[in-house]
Amino acid sequence: MLQAVLLFAQRELPEREQFGYPPYSSLVRVIIRGSSTPQTESFADVLTERLRGALEAAGVTARILGPAPCPIERLRGKSRFHTLIQAADADGLRAVLRTALATLEPPDNL
């Protein structure tokens, strides 16, 4: 078992480093859930643009993917969208996320 894990790591880690995937960067997934698909998608757009602006203003280089429907688009009667954020500066990414999300108010009907 240990040998299989080491073999996997030897193959996987160089590729992850080349493309900047964890553990060589930080990856955050933000999921937005709501009862109404159009309103949930709209709020996901607003949230993603807010994060994009906050990252830029803080000088944190990040790659943002989304928003897009989650692989399981509806769960427990709720629509789901997600945004992925990848950055080399883990501390900067966390600080920006805390600041940008602290004052964000989702719509009442979400």
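Which residues does His-82 touch, not counting residues up to four places away in sequence? Keep that in mind while we look around.

This is a predicted model, where local features need pLDDT of at least 70, side-chain atom pairs count only at pLDDT 80 or more, and totals for chains, interfaces and linings use all residues. Residues are numbered from 1 along each chain as its sequence is written, and side-chain values use heavy atoms, with hydrogens and water left out.

**Start with the whole chain.** Show it as a cartoon and look for three helices and three strands; helices (H or I, at least four residues) and strands (E, at least two) are DSSP runs, numbered from the N terminus. Starting at the N terminus, you will pass the elements in the order α-β-α-β-β-α. Along the principal axes, the C-alpha atoms fill a box of roughly 50 × 35 × 15 Å.

**Colour by burial.** Buried means under 20% relative accessible area, exposed over 50%, and partly exposed in between (1.4 Å probe, protein chains only). Of the 110 residues, 26% count as buried.

**Now select strand E3.** Residues 78–87 form this strand, and His-82 is in it. His-82 is buried, with a relative accessible area of 13%.

**Show the neighbours of His-82.** Here is the reply to the opening question: His-82 touches Arg-29, Val-30, Ile-31, Leu-65, Gly-66, Pro-67, Ala-68, Pro-69, Cys-70 and Pro-71, where contact means heavy atoms within 4.5 Å.

**Finish at Arg-29.** Its side chain makes a polar contact with the side chain of His-82, at 2.9 Å. A polar contact is a pair of N or O atoms within 3.5 Å; within protein, one must be able to donate a hydrogen and the other to accept it, and residues adjacent in sequence count only if both atoms are side-chain atoms.
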